[in-house]
Amino acid sequence: MATSTGARSTLRLRSVFISDIHLGFKGCNAGFLLDFLRRVECQQLYLVGDIIDMWSLSRTFYWPQAHNDVIRTLLGKAKHGTRVVYVPGNHDRPFRDHDGLVLGNVEIRREAVHETADGRRFLVIHGDEFDSIVRASPLLESLGSKAYNLVLGLNRHVNTVRQSFGYPYWSVSAFLKHKVKNAVKYIANFERALAVEAHRRNVHGVICGHIHRAEISRIDGITYCNDGDWVESCTALVEDFQGQLSLLRWTDTPEVLIGSQAIPLLEPAVALEPAA
């Protein structure tokens with residue numbers, strides 16, 4: 001992975017994958033994302049769905065300056081030489097109708113195949129198509145979304161209190177996902193479904209978002225990568241110039257995620273992709 005000379009120095013990377021930003025939703029951590037985007041230079045940037053939260057905007061219009069700044073920064077990267085590929089998700093589904101369109105130098109793709117520097121091919125897809133709840137019932141999807149929004153509201157209040165006492169950012173919803181048995185089972189089933197699809201497509205791995213849980217793992221010979229989100233975990237999947245994949249968490253102190261551990265992003269940076 002690329003090295004940095006400090007926690008806030010510029011990171012030069014081959015590819016960056018981010019998803020589930022949810023611009024237009026109060027839970028979006030646009031400030032952390034803006035800092036990340038301004039500190040990263042990359043050849044390719046993949047936006048892996050749920051960039052704009054049209055569901056939330058349809059209920060209550062919320063669009064602060066920071067959300068506008070995110071859009072401007074993304075378009076600025078596209079204008080100045082970064083290849084930006086936008087793979088819409090379920091919260092920004094209408095953009096799927098424009099598959100193949102190039103808008104403001106941003107390529108809109110229903111899905112994509114990314115080839116790493118070491119020659120491996122990865123299916124890039126948001127992942128909601130493999131969410132059994134979303135596919136089975138729009139009503140259940142809506143109810144689940146409302147419950148999730150309540151937890152994210154709690155997340156904001158908890159972190160406001162933590163910040164006032166000088167404590168770093170902490171995700172309540174991510175903690176609950178790791179502790180609730182049904183959530184753990186749901187995540188495992190989702191990951192396996194994506195791995196099966198990668199097998200079917202004859203690719204080496206899959207890169208997705210949707211479930212807001214950053215992960216790199218091996219499932220039956222497939223490299224499963226989830227780039228996480230910018231509501232709970234504030235994470236991105238990145239590729240260095242040798243083709244190694246790593247997860248970064250970019251909150252108060254940028255970190256490289258390695259399994260259940262988090263290591264401050266200092267020189268030299270640490271690659272975490274599991275061995276084949």
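1. Ring pairs join Phe 36, Trp 230 and Trp 250 into a cluster. Rings of Phe, Tyr and Trp (its six-membered ring) pair if their centres lie within 6.5 Å; planes under 30 degrees apart are stacked, over 60 edge-to-face, and the rest tilted. This is a predicted model: local features need pLDDT of at least 70, side-chain atom pairs count only at pLDDT 80 or more, and totals for chains, interfaces and linings use all residues. Residues are numbered from 1 along each chain as its sequence is written, and side-chain values use heavy atoms, with hydrogens and water left out.

2. The structure has four aromatic pairs. In one of them, the ring centres of Phe 36 and Trp 230 lie 5.5 Å apart with planes at 35 degrees, so the pair is tilted. The two residues are 194 apart in the chain: Phe 36 sits in helix H1 (residues 30-39), Trp 230 in the loop between strand E10 (222-226) and strand E11 (235-239). Helices (H or I, at least four residues) and strands (E, at least two) are DSSP runs, numbered from the N terminus. Both Phe 36 and Trp 230 are buried. Buried means under 20% relative accessible area, exposed over 50%, partly exposed in between (1.4 Å probe, protein chains only).

3. Tyr 86 and Phe 95 also pair. Their ring centres are 5.4 Å apart and their planes meet at 55 degrees, so this pair is tilted. Tyr 86 counts as buried, at 8% relative accessibility.

4. E11 is mostly covered, with five of its five residues buried. Thr 235, Leu 237 and Glu 239 point one way; Ala 236 and Val 238 point the other. In a regular strand, side chains alternate between the two faces of the sheet.

5. E11 has partners in strand E1 (residues 11-18) and strand E12 (residues 245-249). The E1 pairing is antiparallel over three bridges, with Val 16 opposite Val 238. The E12 pairing is antiparallel over five bridges, and Thr 235 has Arg 249 as its bridge partner. Two strands pair if DSSP finds at least two bridges between them. E11 and E12 form a hairpin with five residues between them, and Gly 243 in the turn has a positive phi of about 95 degrees.

6. The buried residues of H1 are Ala 30, Phe 32, Leu 33, Leu 34, Phe 36 and Leu 37. Their cover includes E1, strand E2 (40-47), helix H3 (65-79), E11 and E12.

7. The largest nonpolar core holds 34 residues, of which Val 16, Ile 18, Phe 36 and Trp 230 touch the most other members. A nonpolar core is a set of buried Ala, Val, Leu, Ile, Met, Phe, Trp, Tyr and Cys residues joined through side-chain atoms within 4.5 Å. H1 gives the most to this core, with six residues. A second, separate core of 16 residues includes Phe 17, Val 48, Ala 214 and Leu 247.

8. The salt-bridge count is 17. A salt bridge is a side-chain nitrogen of Lys or Arg within 4 Å of a carboxyl oxygen of Asp or Glu. Arg 109 and Glu 107 form one, with closest N and O atoms 3.4 Å apart. Arg 109 is partly exposed at 26% relative accessibility, whereas Glu 107 is buried at 16%.

9. Arg 213 has salt bridges to Glu 191 (3.5 Å, N to O) and to Glu 215 (3.1 Å between the closest N and O atoms). Glu 191 is buried at 11% relative accessibility; Glu 215 is partly exposed at 21%.

Conventions: Contact = heavy atoms within 4.5 Å.
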